[in-house]
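This briefing sets out the main features of the structure shown below.

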Amino acid sequence: MSWADFVNSFFSANFLYVVIRVSVPLLLASLSAYMASLTGVGNIAVEGIMLMSCLMAVLGSYWTQSAALGLLIALATGIGMALMIYMFSMSLGAQPLLVGIALNTFASSFTVFLLYQFTNSKGSSGTLPSKVLPTVDIPLIKDIPFLGEIVSGHYLLTYVTVILLILFYIMLYKTPMGMQMKACGLNEQAARSVGINVTKMKLLSMLFSGLTAAIGGAYMTMGYASIFSKDMVAGRGWIGIAAQGIAGINYVALLVVTMIFSVFQAITNVFLLYDLPSELINTIPYVGVLLGVIFYSVAATKKHRQV
Amino acid sequence: MKKMMKKTVTVLLAVMMLTIGVIGCGSDTDESAEGEKIYKIAFVVPYIGDQSYWDLVDRGRQIVDAYDNVETTLIEAGEDTSKWTSVMTDVCESGYDLIVSGNDTYEYYLYEAAENYPDQLFFNFEFGTAQEYDNVYAVKYNTAELGYVAGLLSCAVTTSDMEKANDDKVIGVIVGMENDAMDDFIGGYCQVANSMGVQVIIGYPESWTDVAKAKEMTLNMINSGADVIWQVAGGAGNGVFEACAEENVYALGVDQDQYEQFIESKPEYANVILTSFVKNAQIGIQTAVDKLIAGEYPGGVIENFGIAQDGVGLIENDYYLETVPEDVRNQVEEALEEVKNGNVEVFSVLNGDSAEWQKIKSEAQEAK
């Protein structure tokens, strides 16, 4: 591969297609962290929830021999784990942070335990014939030259994610419920004093958090890859938490940060094939986000001064 | 009276000592019905069931366990190395004829025990940094030569007119991490490619677990014309098979017969895996046990098993024989003979000069 091919590879429809494919699990992880922190509960178990859902999608679809039922089992697992954080922290008075840490370490080992029970392997689910969800060709759009190549032919869960992103946007900015959820996170006492059902809002936010992380997990084993491999989420949940940390309660910033990371991750995957030091290349996505945050902060400060 | 007492105590003590002696002997009668000595061998590993490295060792254990005069015990000591000293001490105190353990991560505890128990025999089945003890026999499998075999087949396939091979003379390899131990796998691989004018694309995902990243990198390799891709990336390597199955190009496995691993459950994976390159760990274990039984245990010897000793090689399963045409297979066989005869010296990253490795690596990655 020459350098000319290399440069060209970033200006192709295929590259943008790849960026979307890379970004989906990251976007879902970011959404999960965002939803949980919106009402002030917080969920640092995104990684663990994704990992458990990854495995349950494989096991579920193997047991039922149906991709749809496998997905449902994965979603139930993810939501169940998120609700566990809610229950332990809200009803039983534990620190959500500690519950999250517990769930992460639990998931990392328990997935291997389950894997060993059902496959006799501690590495991957290679011996289980599990099901995957189909890829979707969008009629009409798929025939448009450039655009069709980018947006058509993705995994089913990619389109589910896009729909979720839009629905969440509408919920957060156009409905009273979204405002109420934000209010809970900003000042719980004040929210309660104006009659918002704080408990319900927190429950809902954890439900959404579990749901999105579970879809992220299922995406990893029901399309992106078709088998479960030990610790295969490989830090994507933590990237989501970091993205939420950078964006705060700004939903659009959350998506932008995650997309910057995804673009740089896709670039990195190409760069890594060249005779360059791989340790350095692997820092590109993180440096990219750091630069993004610096630019954003400088711009925001300037704007603030002008006011 | 006092004298009497003393005598009684002495007699009692003597009886006790005798009894203990007899009981001790009783448990020591390691003889089968025909009066043949039974060799008790302990295998101390962190765990088995990874369908990779540790299972290779376990397969070696099963082979020697099938001997009539060998009895093996498998001890899964766990990954927590802080427990290994006490586990090793326990094993050493249990009167085994041979203790098999080792590998880069755990050999420290083996050598520690070897120093404390100079009469106990040990076998380090794959050393990282060998130490010389009279009671330790240590072997290693030549990963450089393993990579050499992989390179031979990759180059032979990409230059052939096999079904999934394209016109570009490009091959790829996904290596889990960039370090000398891992680069040793691809030193010989690049050497072959250079001698045959084939371009190599090397990808380091810097992860043993990130299946998705390995898949993305493999897809990029395939886009650049690679049609045979070898994985040396542990669990992440499954991403290589995923990508190769999607794009219909050849993949090569490592450490175990990966075709066999997937043929039942994921035939779409299996049908792109031409063969796998393995360390024949059983050869070392068998050699050690055979010599132990023959009474000539090579304590203090440090050995390197390569192509010449059949210590490394590829798996010739039915699928390989069926899919790879005879002329390609012969080409590989002939090149291997050259190594066995000593006409070709395989470059090793671990023993070689790092400047030379950089040169070989850069040359291999140049567009041809």
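Helices (H or I, at least four residues) and strands (E, at least two residues) are DSSP runs, numbered from the N terminus. The model is a predicted one, in which local features need pLDDT of at least 70 and side-chain atom pairs count only at pLDDT 80 or more, while totals for chains, interfaces and linings use all residues. Residues are numbered from 1 along each chain as its sequence is written, and chains are lettered from A and ligands numbered from 1 in the order in which they are written.

**Chain B overall**

- Chain B contains 14 helices and 12 strands.
- Along the principal axes, the C-alpha atoms of chain B fill a box of roughly 105 × 45 × 40 Å.
- Chain B has 368 residues, of which 47% count as buried; a residue is buried if 20 or more other C-beta atoms lie within 10 Å of its own, exposed if 12 or fewer do, and partly exposed in between, with C-beta atoms placed from the backbone.
- Of the contacts in chain B between residues at least 6 apart in sequence, 69% join residues at least 24 apart; two residues are in contact if their C-beta atoms, placed from the backbone, lie within 7 Å.

**The interface between chains A and B**

- On chain B, 35 residues are in contact with 32 residues of chain A.
- The elements of chain B that give two or more residues to this side are β7 (199–203), α7 (211–223), α8 (238–247), α9 (258–263) and α14 (354–365).
- Helix α7(B) supplies the largest share of the side of chain B that touches chain A, with eight residues.
- That side of chain B divides into nine nonpolar, 15 polar and 11 charged residues; here Ala, Val, Leu, Ile, Met, Phe, Trp, Tyr, Cys and Pro count as nonpolar, Asp, Glu, Lys and Arg as charged, and the others, Gly among them, as polar.

**The sheet of chain B**

- Six strands of chain B form an open sheet in the order β7-β6-β8-β9-β10-β12, with mixed pairing; two strands pair if DSSP finds at least two bridges between them.
- The edge strands, each pairing on one side only, are β7 and β12 (312–314) of chain B.
- From one strand to the next, the twist averages 20°; angles run from 0 to 180 degrees between N-to-C directions, and axes are lines fitted to C-alpha atoms, for helices over the stretch in contact.
- Strands β9 (residues 250–254) and β10 (residues 273–279) of chain B pair in the parallel sense over three bridges, and B:Gly253 stands opposite B:Ser276 in β10(B).
- Helix α7(B) lies across β6 (170–175), β7 and β8 (228–232) of chain B, and runs at about 165° to β6(B).

**Helix packing in chain A**

- Helices α4 (residues 67–91) and α10 (residues 198–224) of chain A pack at an angle of about 140°, with their axes 8 Å apart.
- The helices α4(A) and α10(A) are therefore oblique to each other; angles under 35 degrees count as roughly parallel, over 145 as roughly antiparallel, 65 to 115 as roughly perpendicular and the rest as oblique.
- The crossing of α4(A) and α10(A) is right-handed; a crossing is left-handed if the near helix is turned anticlockwise from the far one by less than a right angle, and right-handed if clockwise.
- The contact of α4(A) with α10(A) has 19 nonpolar, six polar and one charged residues.
- Helix α2 (residues 13–38) of chain A also packs with α10(A), at an angle of about 165° and with the axes 7 Å apart, which makes α2(A) roughly antiparallel to α10(A).
- The crossing of α2(A) and α10(A) is left-handed.
- Among the residues making this contact are A:Leu28, A:Met35 and A:Leu38 of α2(A) and A:Phe208, A:Ile215 and A:Tyr219 of α10(A).
- By class, the contact of α2(A) with α10(A) has 14 nonpolar, five polar and no charged residues.

**Individual residues of chain B**

- B:Asp58 lies in helix α2 (residues 53–65) of chain B and counts as buried, with 23 C-beta neighbours inside 10 Å.
- Leaving aside neighbours within four places in sequence, B:Asp58 is in contact with B:Ile48 and B:Leu74.
- B:Glu206, in the loop between β7 and α7 of chain B, has a phi near 55°, a positive value in a residue other than glycine.
- B:Glu206 is partly exposed, with 18 other C-beta atoms within 10 Å.
- B:Asp255, in the loop between β9 and α9 of chain B, has a positive phi of about 70° although it is not a glycine.
- B:Asp255 is buried, with 22 other C-beta atoms within 10 Å.
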